[in-house]
Each structure stands twice: as structure tokens, then as C-alpha cells.
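Here are my notes on the model, for reading alongside the coordinates. Please check each point against the view.

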Amino acid sequence: LPSLSLPFSMHLIQVDSVQRWMEDLKLMTDCECMCILQSKPISIEKDEQNELILSSQYSTCDNLQLLLKRAWIISTELTRIAQKLEKNRWQRVHSMTVRVNCHVRSMINEYNAFTRSSSEEMHQLEKILIDKCSEFTTFTERCLQTEDEEILKSMKSCVSETLTTIAQYFGQLIELVLTHEAQNLLRQIELSGSLYVMESAISSLFSLAQEGAHLCRIIAKEGGVVALFKICRQDCFRCLYPQTLRTLASICCVEEGMHQLEKVDGILCLADILTDSSHSEATHAEAAAVIAQITSPHLTFTQHLSSFLENMEEIVTALVKLCQEASSGEVFLLASAALANITFFDTMACEILLQLNAMKILLAACSDKRIVDTPYSRDQVVTILANMSVLDQCASEIIQGNGVQLLMEMLFEKSSSGNPAEVAACERVQQKSAVTLARLSRDSEVADTAIKLSCIPRLIKLCRSPTERNNSDSVLVACLAALRRLAVMSPDGLEDSDFQQLVKPRLVDSFLLCTNMEESFV
């Protein structure tokens with residue numbers, strides 16, 4: 001058996017490598033060959049066994065991904081041409097212009113091969129772009145044949161203008177193509193009675209939304225949010241709810257998506273889904289993800305929050321229940337993220353959480369490593385605790401739920417993988433746990449508990465050792481604030497040097513002292 005495993009694995013590697021090579025070859029075809037062929041597509045043999053054909057595109061989603069890849073390559077090449085032009089590297093400018101010409105022709109041919117229909121405006125733009133690229137190639141070739149510096153200098157401005165024109169036409173064409181595809185997908189969602197067709201269209205729409213904010217704006221402007229909420233209001237499409245809500249969460253990261261959500265009373269729809277116990281946990285979790293997205297404190301537009309406040313109590317109640325009954329870490333993360341965001345914009349949310357015994361539920365969840373299993377989940381929990389800690393009644397809840405012990409443990413949060421996102425999450429956990437301790441330590445009972453659990457030595461370590469806090473300034477400031485609050489309650493718990501350096505000076509002086517504690521080897 002062991003002797004068979006090596007050849008088998010080698011065979012898999014060989015097949016994968018060839019397939020990868022064929023994929024790359026399609027996008028990076030040799031320029032000279034493309035010029036000779038004038039980008040004419042190679043006919044595909046009717047051989048069912050041959051799977052390694054160049055144009056093996058099977059779905060709208062795959063075709064759109066290929067289009068976006070090709071568009072990204074063209075955009076990158078245009079930027080590089082501008083850079084080479086700036087340095088007067090005419091040979092490189094010409095060769096790259098030839099390559100862009102080929103890529104543009106290939107992109108247009110590929111798109112026309114899979115699109116059902118395209119507008120007259122699109123055909124005109126395609127023709128103009130191809131003509132401009134051909135002119136550009138001819139023009140840069142003439143520049144190669146000229147050695148006179150003065151002539152080249154005058155030609156350079158013309159080349160630059162042509163490059164700008166091509167970039168503008170290219171941008172317009174891509175915008176038109178993506179709008180056209182979004183319209184096609186939304187038409188399928190709205191007019192098709194087939195669950196399979198609708199599911200496929202929603203999946204393609206989700207893939208498009210993952211490509212960035214610009215595509216989300218296009219989808220929103222074409223009525224994507226309206227169409228998706230229409231699905232979420234029909235019981236016959238319940239099996240599509242999770243996928244539909246996931247797509248909505250992606251689109252609602254942009255202001256246009258929020259306007260559409262407000263227009264169709266989307267928050268009321270989300271509240272209805274969250275409070276309806278007949279829905280699956282997956283549906284509830286995806287609805288929580290939409291809530292988390294639209295309540296993100298990073299969003300600069302907040303016109304939707306007025307209608308959110310009207311439904312806040314029932315939404316918060318449903319999210320707390322979802323946290324309590326979560327069957328997996330992912331479900332808990334989505335529900336707690338939504339709660340964390342809600343606590344940022346209204347103190348009423350914190351009061352509702354207190355009435356619902358949310359503190360007890362969240363602290364209990366943290367002791368279950370199956371549910372709170374990542375720094376990201378702990379980040380959400382400690383965010384809620386930090387925001388709730390402004391309420392006076394919070395202190396007794398923390399003590400009853402053994403919350404001070406949890407905050408102490410969070411001061412030791414470390415990334416196991418070294419992944420930048422995880423490291424950043426660990427820093428946030430350390431910072432917010434210190435902030436929560438500082439706020440709660442105005443209560444003598446909390447402060448006494450924290451001192452007994454050796455919080456002071458840990459806070460000193462975080463202040464004095466940059467590696468313990470991953471060189472984070474925000475963690476340092478929070479730890480200095482917490483240390484000063486605890487030092488008032490227990491001045492005997494500090495060494496004199498710690499008191500003189502970390503507590504007695506102005507906070508900014510202690511901060512500067514701690515940030516310069518790393519030994520210099522220069």
C-alpha cells in the first residue's frame with residue numbers, strides 16, 4: 001500500500017500542474033502568436049474525452065470570473081505602460097501595447113462567446129476600443145522608428161493622451177458589461193419560477209458582490225436589494241433564504257445598498273425572520289450577518305438607523321437567543337458581532353441586554369471552547385462587555401458570572417497562527433479587556449477581585465514588554481488606564497519603580513516611557 005501512494009500523488013500533482021498551466025496559458029498567450037491569429041478563436045474539437053480545452057467555461061459565474069481576471073490584467077498593463085512611458089522606455093511601451101491589444105480583443109471575443117445578448121451601445125464601445133488599441137499599437141511602433149528626441153518628446157504627449165482615452169473607453173465598457181450581467185442575473189431571479197435557476201443566479205450575484213464595493217454599487221443601483229428582499233418575503237423560497245441573506249450582507253456594505261434596504265423596509269423583514277422560530281438556524285445566522293453589516297460602526301452613512309431603533313428590542317432579543325442556542329462557533333460569531341455593533345450606537349441596547357441576562361449568557365458561552373473558539377468571537381464578546389460596562393448595574397453581573405476572571409484571561413490573548421488578521425483580533429481583545437477592567441474598577445468589589453486575580457502584575461507586564469502586547473499602542477494606553485484605576489484601590493500592590501514610572505506621571509509621559517523601552521542595538 002505505501003508503494004502505491006507516491007506514484008498516485010505524483011500523478012495528481014502532474015494533472016493539477018497541467019491544468020494550472022492551461023489556465024494561465026489562456027490569460028497570458030504569447031503576443032506574437034496572437035498578432036498572427038488576430039485573436040481569432042480556435043475551434044473546439046467535438047471530443048468528449050478531452051477535458052483540457054482552452055475554453056472550458058461551464059457557467060455564468062466562471063465566465064464572469066474569467067472576464068474580471070482579464071479586465072484586471074488589462075488594467076494592470078495600462079498602468080505599467082504609463083510608468084514605462086514616463087521613463088521613455090519605448091521598446092517596452094510598444095511590446096506592452098501589443099499585449100494589451102491582444103488582451104482587449106480576447107476579452108471581447110470571450111465575452112461575446114458566452115453572453116446571450118448585448119446592446120448596440122456595447123458593440124459600439126467594443127469597436128471604438130479595438131480601433132483605439134490598434135491605432136495605439138501603430139503609433140508606438142512609429143515611435144520606435146524615430147530617434148529624434150524633439151519629435152519623440154512631442155509624440156509622448158499624444159501617446160499619453162491616447163493611453164488615457166483607451167483607459168476611459170475600457171472603464172466604460174467594463175462598467176457596461178458588469179451592469180448588463182447584473183441585469184441578466186436579476187432578471188433570472190425575478191422572472192424564473194425554477195428554484196435551480198434562481199439559486200444559480202443568486203450564487204453568481206454573490207460572487208460578483210465579492211469582487212468589491214464598485215460591483216456592489218452596480219448591483220444595488222440595478223435593484224438587487226429589492227429583488228433579494230422580495231425572495232425573503234415569500235415562504236415558497238425558504239430554502240433560498242440563507243444564500244439570499246448572505247448576498248444581501250455583501251451588497252449592503254455600500255450606501256446605495258443601504259438606500260435600497262430602507263426603501264423596501266428591509267429592517268422590518270430581517271426582524272420578522274429573526275423572531276420567527278420556524279426558520280432554520282442557518283437562516284437566523286445569515287440574517288444576523290446582515291444586521292452586523294448594516295450596524296457596522298465603520299459605516300459613515302447612518303440614515304437607516306432610525307427605522308432600526310423602532311425594531312431594536314425584538315432584534316436584540318432574537319440575537320441574544322441565537323447566541324444562547326448557537327450550535328457552532330460560526331453562528332455565535334455572527335450573532336455576537338451583530339450585538340457588538342448594536343451596542344455602539346445606542347445605550348438603550350445595553351440596557352436591553354442587561355434585562356435579558358445577556359451578560360450571563362455571553363460569559364457562559366466563553367467557557368464553551370466549542371462555541372467561542374477564536375479570537376474573533378472573544379473580540380465580539382469583550383466589545384459587548386466594554387460597552388455595557390458604562391452601566392452601574394453591570395458590575396454585579398460581571399462578578400456573578402465570573403467575568404473578572406475571563407477579562408484577566410483575555411489579557412493573555414495570543415495568536416497561535418501569526419496570521420495578521422488574527423494578531424489584530426488578539427490586540428483588540430487585550431485592549432478592550434483592559435478598557436472594561438478600567439471602567440468596572442470604579443466598583444470596589446470588582447477592583448478587589450481583579451487585584452486578587454493578579455491583574456496588576458499582568459498589566460505592568462503588558463506596559464513594560466512591547467512583545468507581550470505585539471507593540472500595540474492602543475493596548476498600552478488601555479493597560480495604563482486600567483493600572484492607574486486599580487492602583488488607586490490598592491497602592492501597595494505596586495513596586496515603587498512601577499508607581500513612579502507608570503502611575504504617578506501624566507499618562508502621556510508614561511506612554512512615551514513605555515514605547516521607548518525596547519533595547520536599541522544601533
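**Notes on the predicted model**

1. Start with Phe 308, which is found in helix 14. This is a predicted model, so treat the values below as computed ones. Is Phe 308 buried or exposed? Phe 308 is buried, and its relative accessible area is 0%.

2. Next, the surroundings of Phe 308. Leaving aside neighbours within four places in sequence, Phe 308 is in contact with Ile 267, Ile 291, Thr 295, Ile 315, Ile 342 and Phe 345. Take Ile 267 from that list. Phe 308 and Ile 267 are 41 residues apart in sequence, yet their C-alpha atoms are 6.2 Å apart in space.

3. Ile 267 leads on to helix 12, where it is one of the buried residues. Helix 12 covers residues 266–275, and seven of its ten residues are buried, so it is largely enclosed by the rest of the structure.

4. What covers the buried residues of helix 12? The cover includes helix 9 (224–231), helix 10 (241–251) and helix 11 (255–263). It also includes helix 13 (281–294), helix 14 (305–310) and helix 15 (312–325). Helix 14 is the one that holds Phe 308.

5. Now the pairing of helix 6 (residues 149–191) with helix 7 (residues 195–209). They pack at an angle of about 150°, with their axes 8 Å apart. Helix 6 and helix 7 are therefore roughly antiparallel to each other, since angles over 145 degrees count as such. Helix 6 passes helix 7 in a left-handed crossing.

6. Which residues make this contact? Helix 6 supplies Leu 178, Leu 185, Leu 186, Gln 188 and Ile 189. Helix 7 supplies Val 197, Met 198, Ala 201, Ile 202, Ser 204, Leu 205 and Leu 208. By class, the contact of helix 6 with helix 7 has ten nonpolar residues, two polar ones and no charged ones.

7. Glu 397 is found in helix 20 (residues 394–400). Not counting residues up to four places away in sequence, Glu 397 touches Leu 354, Asn 357, Met 359 and Leu 363. Glu 397 and Lys 360 are 37 residues apart in sequence and 7.2 Å apart in space, C-alpha to C-alpha.

8. Last, a loop residue. Ser 472 lies between helix 24 (455–464) and helix 25 (473–489). Ser 472 is buried, with a relative accessible area of 6%. The side chain of Ser 472 makes a polar contact with the side chain of Ser 474, at 3.0 Å.

Terms used: Residues numbered from 1 in each chain as written. Predicted model: local features only at pLDDT ≥ 70, side-chain atom pairs only at ≥ 80, totals over all residues. Heavy atoms only, no water. Axes fitted to C-alpha atoms, helices over the stretch in contact; angles between N-to-C directions. Helix = DSSP H or I, 4+ residues; strand = E, 2+ residues; numbered from the N terminus. Parallel < 35°, antiparallel > 145°, perpendicular 65-115°, else oblique. Left-handed = near helix turned anticlockwise from the far one by under 90°. Contact = heavy atoms within 4.5 Å. Nonpolar A, V, L, I, M, F, W, Y, C, P; charged D, E, K, R; others polar. Buried < 20%, exposed > 50% of the residue type's maximum accessible area, 1.4 Å probe, protein only. Polar contact = N/O pair within 3.5 Å; in protein donor to acceptor, adjacent residues only side chain to side chain.
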